[in-house]
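Subject: Structure handover

Hello,

Please find the structure below, followed by notes on what was found in it.

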Amino acid sequence: KAKKQTLLGALALAEEDWPAAEKAMAKGAENGELPALNYFAAARAAQHQQKIAERDSYLTQAQAEPLAKAAALTTRTRYLLQQGELTQARVLLDELEPTSKSKNPVLKIAADLYLAQQDWSALKLILPILAKRHIYPEEKLHTISVQTNVQLVNKAAEQSSNDLDKCWGWFSKSEKTQTDTFVAYLYALCKLQRKDEALKLLSKRLKAEPTAALFDAVAKIATAHDQDIRKTLTKFEQTHENIVNYQECLANLALQTRDFKQAKMHFNHACHISPTRARWLALAQVQEQLGDNMMALQSYRNAAHLND
């Protein structure tokens, strides 16, 4: 009879008839040879019906089978995570103790939960094993890895210089050269009154590898008094003339020294390379400063036609 109920339950699961599946699987568990399997299936059917109390009761009964304990905890943690009950999910996950010896489903739940809780330190510790086991597609893993490192840098910058140095020392050479992480580190140095250090690193990196993100960083970090980095930028006049971030960077640096003619020239160039609403508005404001109201009006009109 238990076998018949289990078969009926399996058919109902296949047809996604959740109430019938739950009923049959629960009945089949009562006298079945492998009750834990029935309870897992009944829990799944209950979850689909949003019957939380019943679902948890089935999982508790499945847990009575010693071999099924970890699987029951994993399943319950996954369901809690799906419900958004992050604190409760974390209590159960800590019982599972995710390590390099854990099974893939446990590692996947751990990574998803750490991400949801923004626990970057915990995530950082399991990143190598996530990579080794291919828990995520390569591109997603790279995104998570960069996001984790950037957040750890930002968090360290809120603590102290010492914390930032410790955090930076923890990264591998390739992590330190990853652009987003490197730029986050520069901003962190500035936040901790170590701007000279940031400029030195930025200048060195710019000479080796001038990229859009670095040009953006120059405009945010440099001030009117920083001449050396301005000299470095002049080296790219020919090679990077048609790179919009380079033109925008030069325009913003010109604004710092109130050289509106230069700023106008560079914003104009930027608008022709890659027009956006923000760039046309910036150009219009500079044109107004120079008393060129007709041209400013035209730039405002151009801006109105665009949504960034």
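Helices are DSSP runs of H or I with at least four residues, and strands are runs of E with at least two, both numbered from the N terminus. This is a predicted model, in which local features need pLDDT of at least 70, side-chain atom pairs count only at pLDDT 80 or more, and totals for chains, interfaces and linings use all residues. Residues are numbered from 1 along each chain as its sequence is written, and side-chain values use heavy atoms, with hydrogens and water left out.

Most residues other than glycine have a negative phi. His134, in the loop between helix 8 (120-132) and helix 9 (138-159), has a positive phi near 55°. Glu16 also has a positive phi, near 60°, and sits in the loop between helix 1 (2-14) and helix 2 (18-31).

For accessibility, buried means under 20% relative accessible area, exposed over 50%, and partly exposed in between (1.4 Å probe, protein chains only). His134 counts as exposed because its relative accessible area is 64%. Glu16 is exposed as well, at 56%. Ser172 is partly exposed because its value is 33%; this residue lies in the loop between helix 10 (161-170) and helix 11 (173-177).

In helix 1, Leu8 is partly exposed because its relative accessibility is 41%.

Regards
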